[in-house]
Amino acid sequence: MNSKRIRPRLPLALPLALLIPLATACGGAAGADGEGGGKTVTVTVGYQSKTINTVTAGTLLRSLGYFEEELAARGKKDGVSYRVVWQDYATGAPITAQMTAGKIDIGSMGDFPLLINAARGVQLKEPTRLVSVTGYNPRGGLNTVVTAPGSPLRSLSDLRGRKVSTSVGSAADGTLVRALQRAGIDPDKGIRKLNQQPSVGASALASGSVDALSQFVAWPGLLAFQGRATALYDGAELNLPTFHGVTVREGFAKRRPGVLDDFLRAQRRATDQLRARPVAAAESVAKETGLPAEVVYLYNGAQGIATFDPALRPELIAALKDDVSVLKAAGLVKEVDVDAFVDPAPLRRAVKDPAYPKAGAARSELWLKGRSATLTFATPGELLKAVGEAGEGTVRAAYVPDAVTGTLWFADRAVWVTDGSGPRAFVTRAGAERYVSGHAGARIVGYADALRAAS
């Protein structure tokens with residue numbers, strides 16, 4: 001199969017049933033390392049195009065061609081021809097299956113799938129190592145529980161006895177389990193959980209066959225943007241870091257350390273590009289995936305829910321260790337030696353000063369039609385005023401951070417509160433109601449009312 005597979009551009013208002021993530025099925029010895037004296041080395045990279053906070057190790061990196069550039073320079077020095085095969089999957093599980101079969105060399109996935117990757121690698125004697133991070137959120141805001149518009153469910157407690165779709169073993173499932181436990185609901189017996197792929201769960205929510213959907217980036221934002229879902233629970237309420245990262249087969253890393261270095265350098269270059277030109281990066285990822293650019297920017301933008309930084313930060317590794325207990329309780333792993341799995345040496349070797357400064361609190365952003373950059377505002381009130389002044393039909397997207405968790409959300413999908421000191425936005429109605437209950441004179445208002453009050 002040609003490694004440069006052509007993907008059709010999908011329309012913005014695409015029916016959910018057609019939003020099934022694409023996956024390649026390349027045959028042959030795609031994971032060969034060039035053993036046997038050959039002059040061509042094939043490097044196979046597994047990625048998730050629609051899990052968009054992995055783009056610096058997948059979709060964006062592929063479109064920029066940085067990895068191929070790094071390998072071409074290496075090839076001139078060592079007389080070897082390098083070929084990259086990119087394989088696209090909907091979730092991390094098939095990437096792990098291909099890695100443990102020796103058919104994928106480098107892969108990217110979320111924190112919970114990474115732990116399963118580590119466990120399966122040891123079990124099947126094809127160990128893997130976590131070598132970098134792609135995107136992270138320090139509070140857990142990359143995962144969200146959503147319901148259908150007009151649903152009677154108002155808070156997480158309302159899920160008791162209800163049907164909830166999620167992908168078992170994913171970060172979104174981990175968020176659901178922990179959130180239910182905090183709400184006093186048994187995650188195994190208190191709800192009727194359906195283990196479904198994200199696209200299947202999205203269709204089930206639309207058809208009414210499930211009451212709620214717990215998923216990872218970019219599904220909650222996509223469904224909210226399309227008017228097909230309302231946020232019920234913001235994963236950032238857990239205040240536990242969540243991230244996606246890059247894993248490599250240990251055997252490949254030992255045989256081809258220079259190639260791994262090239263990948264990590266290319267990832268850093270892609271990260272630099274995304275951080276320097278976030279709107280252009282969002283447009284590029286949208287073109288490659290068929291996702292609306294406004295949704296990509298919600299997660300990957302300058303103030304986006306994800307912070308892109310390849311460094312293996314201590315707080316992320318500590319969170320990874322805490323995640324093991326959730327997977328053990330679900331029977332998905334027995335034990336995971338996280339310290340043995342995490343290998344910061346390749347990134348330190350490949351990239352000087354790999355870490356960026358920590359991101360500050362998110363600010364409101366306005367993306368006007370025809371503009372290649374967004375406008376940033378210190379307060380939600382300033383954003384609303386700018387939206388009103390921009391005029392109808394000129395706003396491409398407006399984003400506002402949750403007043404408590406800081407999770408960025410679409411301004412016209414947020415729940416707005418006014419209390420005399422200026423408007424405040426919340427991702428969920430439950431969050432807004434908690435604020436109102438603790439602040440005399442505060443009340444929930446509609447988006448149109450918030451706009452009029454700010455003008």
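At what angle do helix H4 and helix H12 pack, and how far apart are their axes? In this predicted model, the angle between H4 (residues 111-123) and H12 (residues 314-329) is about 75°. Their axes lie 10 Å apart. H4 is therefore roughly perpendicular to H12, since angles of 65 to 115 degrees fall in that class. From H4, the contact draws on Asp-111, Phe-112, Leu-115 and Ile-116. These residues meet Leu-320, Asp-323, Val-324, Val-326 and Leu-327 of H12. Sorted by class, the contact holds 7 nonpolar and 2 charged residues, with no polar ones.

Lys-125 counts as exposed because its relative accessibility is 73%, and the cut-off for exposed is over 50%. Asn-239 also has a positive phi, near 55°, and is a residue other than glycine. This residue sits in the loop between S9 and strand S10 (242-249). With a relative accessible area of 44%, Asn-239 is partly exposed.

Attention then turned to the sheet. Strands of a sheet pair through backbone hydrogen bonds, and the pairing may be parallel or antiparallel. Here, 5 strands form an open sheet with mixed pairing. Their order is S7-S6-S8-S5-S9. Strand S7 (192-195) and strand S9 (230-234) stand at the edges. Each has a single partner strand, so one side of each has no neighbour in the sheet. On average, neighbouring strands are turned by 30° against each other, with direction ignored.

Strand S5 (residues 143-147) pairs with strand S8 (residues 212-216) through 4 bridges. The two run antiparallel. S5 is also joined to S9 by 4 bridges, and this pair is antiparallel as well. Val-146 illustrates both pairings. In S8, Val-146 faces Leu-213. In S9, the bridge partner of Val-146 is Ala-231. S9 is mostly covered, with 4 of its 5 residues buried. Helix H6 (residues 198-207) packs on the sheet. H6 touches S5, S8 and strand S6 (163-166). The direction of H6 makes about 155° with that of S8.

Which residues have the most contacts inside the largest nonpolar core? They are Ile-52, Leu-298, Tyr-299, Leu-366, Leu-383, Tyr-399 and Trp-416. This core has 57 residues. Helix H11 (residues 293-300) supplies its largest share, with 6 residues. A second, separate core has 29 residues, among them Tyr-136, Ala-171, Val-177 and Leu-316.

Tyr-299 was followed through its contacts. Leaving aside residues up to four places away in sequence, Tyr-299 touches Ile-52, Leu-142, Val-217, Ala-218 and Pro-220, as well as Gly-221, Gly-304, Ile-305 and Ala-306. Two of these contacts, Val-217 and Ala-218, are joined by a cis peptide bond. The omega angle of this bond is about 10°. Ala-218 is found in the loop between S8 and helix H7 (219-225).

Note on methods:
Residues are numbered from 1 along each chain as its sequence is written. This is a predicted model: local features need pLDDT of at least 70, side-chain atom pairs count only at pLDDT 80 or more; totals for chains, interfaces and linings use all residues. Side-chain values use heavy atoms; hydrogens and water are left out. Two strands pair if DSSP finds at least two bridges between them. Axes are lines fitted to C-alpha atoms, for helices over the stretch in contact, and angles run from 0 to 180 degrees between N-to-C directions. Contact means heavy atoms within 4.5 Å. Buried means under 20% relative accessible area, exposed over 50%, partly exposed in between (1.4 Å probe, protein chains only). A nonpolar core is a set of buried Ala, Val, Leu, Ile, Met, Phe, Trp, Tyr and Cys residues joined through side-chain atoms within 4.5 Å. Angles under 35 degrees count as roughly parallel, over 145 as roughly antiparallel, 65 to 115 as roughly perpendicular and the rest as oblique. Ala, Val, Leu, Ile, Met, Phe, Trp, Tyr, Cys and Pro count as nonpolar, Asp, Glu, Lys and Arg as charged, and the others, Gly among them, as polar.
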